[in-house]
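Have the sequence and the model at hand.

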Amino acid sequence: MSQTNLDLSQRIANWLTPTFDQDTQNSIKSLQQNDTNTLNDSFYKDLEFGTGGMRGVMGPGTNRINKYTLGKNTQGLSNYLHQSFPKEKIKVVIAYDCRHNSKSLAQVVANVFSANNIEVFLFEDLRPTPELSFALKYLNCHCGIVLTASHNPPEYNGYKVYWQDGGQLVPPQDKEIITEINSLDYSDIKFEANTALIKTIGKEVDDVFIDASVKNGSFVTNEARKNLKIVFTALHGTSITTVPETLKRAGYTDVHLVKEQSEPDGNFPTVKSPNPEEPEALKMALELADTINADIVIGTDPDSDRLGIAVRNNEDKLILLNGNQTMVLMTDFLLQHSKKDTKNPFIASTIVSTPMMQELADAYNVDYKIGLTGFKWIAKMIKDFPDQHFVGGGEESFGFMVGDFVRDKDANTSTLLACEIAAHAKANGSYLYKHLLNLYVEHGLYKERLISLTKKGIDGANEIKQMMVDARETPLKEVAGEKVVLIEDYQLSLSKNLQDQTTSTIDIPKSNVLIYYTENGSKIALRPSGTEPKIKFYISVNTDLNSVENFISVEKELELKIDQIIKDMKIN
């Protein structure tokens, strides 16, 4: 019997039956005696697929990552694969990151697949998420799984599902698979492995992936590369297995690793959070860079799909770029250096990212596609428009994709691309940050800020839900002295023009996102996170910049404007 409709007490009681091993039962009994709040949070719902797959705290329970929740997912996925490819020998590939239990959970997933007569390629040790996407297509697999929780705290893990094209699950497959999973009972899981169907893979795939990264991310000469001094940190994650070798094969010789953060470690002992969005995460790398006078600092998150970059500004001080700035720089560089005979090129981003991407598309006369948050939607664009050539694209959350050989955000190739841009600028007597300022002069100065409010547990989830209800029922009419002229509601698929009261349909899949636009081009998006207990506010403002010399004063004006928006909206 499926647990979907059972009440809390029934869910807990079910996990105390012989279907579940003794260690699991003992853990639940301990929670019953000592921590009922954690017990209730562990069982009050099932973990769900969000924008980045399924992610959660490890432990016993339906709302946790464990051998049974992942086993049930894998059993349902196995059933769905057999239904979808009834006459084919089904193959899957599995990768995992540095997190606690990732290796053992990956083996559990491999065992379940093999028990269902599915051939499995299992990486011998931790590997980056983008390599999983690449390997899926390279090995002609039907499906791929990576065990990761990206930059979440150490107690988290996760389960991402990829399909034949190398991209993550999108409709209708995701809902169909969830339906299949929900129809199962935990007793339906086949845990007994058919070891003959499990093959270990490693260096043979690494070499091809790294070579492909070098091919797709190379644009400058080796002479230019030799003059660039790089500091790189893996932040205790998987990128240590591929990024240094990628830079070496590309021709970079002056690369300095943060040794204290090069050893994979699921405790992430040297940082508060292994998140390259956070300045604190790059502190050790920045200190090393100042010591050796490096040109650029790059750090990647634990599964190596996102990267943070620091470069030297006009005063020769290292300054962190945000995800929107990195995306704009990389997209502009790719458009500038892409083959002129490329047919039907397009770039892509997401609804909460900087509107400056549209300005770049217009300037280069290329198509610009925009989708929901998550690279699975960009991968879907590539699949849906086979007659168009994907140049590159990204999103504000520090992810970028170079070409389509990987169908997810790829910090491996993006790290190389960032170095290429910096090397190109230095070889031409300039520097990367100055190029960004020149882009602002040419296209307008866009300034963004992300505010994330964490609301944990059952009460937190209800609070986030109510915040979105309030925003819809009593929408903003004015903010920071500017009238709201347009509201886009992606849950209702409606765009409402407040000036003439007309409405139009949004041709993007439904999602719980609300976006306000003001008369002067400010943009404010509200969105509950799909992978964390957070509600996020994405704020974008812009104005003209007539010279590089005026950047600091104009940027300050925009920062004050964002401060006023936050104050008016009572975001706290």
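A residue counts as buried when its relative accessible area is under 20%. Keep that cut-off in mind for the first helix below. The model is predicted.

**Helix H16**

Which residues of H16 are buried? They are Leu432, Tyr433, His435, Leu436, Leu437, Leu439, Tyr440 and His443. An α-helix has 3.6 residues a turn, so residues three or four places apart point the same way. Helix H16 covers residues 432-443, which is 12 residues. At 1.5 Å a residue, H16 should span 16 Å. Its end C-alpha atoms lie 17 Å apart, which agrees. Gly444 follows H16 and has a positive phi, near 105°.

**Helices H2 and H3**

Two packed helices are described by the angle between their axes and the distance between the axes. Helix H2 spans residues 22-34, and helix H3 spans residues 36-43. Their axes come within 6 Å and cross at roughly 130°. By class, the contact of H2 with H3 has four nonpolar residues, five polar residues and no charged ones.

| Sheet | Strand order | Pairing |
|---|---|---|
| Six strands | E1-E5-E4-E2-E3-E6 | mixed |
| Five strands | E8-E7-E9-E10-E11 | mixed |

Take the six-strand sheet, with the order E1-E5-E4-E2-E3-E6. Its edge strands are E1 (54-57) and E6 (198-201), and each pairs on one side only. Neighbouring strands of this sheet are turned by 20° against each other on average, direction ignored. Strand E3 (residues 119-123) runs parallel to E6, and four bridges join them. Phe121 stands opposite Lys199 in E6. Helix H5 (residues 102-115) lies across E2, E3, E4, E5 and E6. H5 runs at about 170° to E2.

Now the five-strand sheet, with the order E8-E7-E9-E10-E11. Here the edge strands are E8 (255-257) and E11 (318-320), each pairing on one side only. Neighbouring strands of this sheet are turned by 20° against each other on average, direction ignored. How do E10 and E11 run, parallel or antiparallel? Strand E10 (residues 307-312) and E11 run antiparallel, joined by three bridges. The bridge partner of Ala310 in E11 is Leu320.

Terms used. Residues numbered from 1 in each chain as written. Predicted model: local features only at pLDDT ≥ 70, side-chain atom pairs only at ≥ 80, totals over all residues. Heavy atoms only, no water. Axes fitted to C-alpha atoms, helices over the stretch in contact; angles between N-to-C directions. Helix = DSSP H or I, 4+ residues; strand = E, 2+ residues; numbered from the N terminus. Nonpolar A, V, L, I, M, F, W, Y, C, P; charged D, E, K, R; others polar. Expected span 1.5 Å × (residues − 1). Buried < 20%, exposed > 50% of the residue type's maximum accessible area, 1.4 Å probe, protein only. Pairing = 2+ DSSP bridges. Contact = heavy atoms within 4.5 Å.
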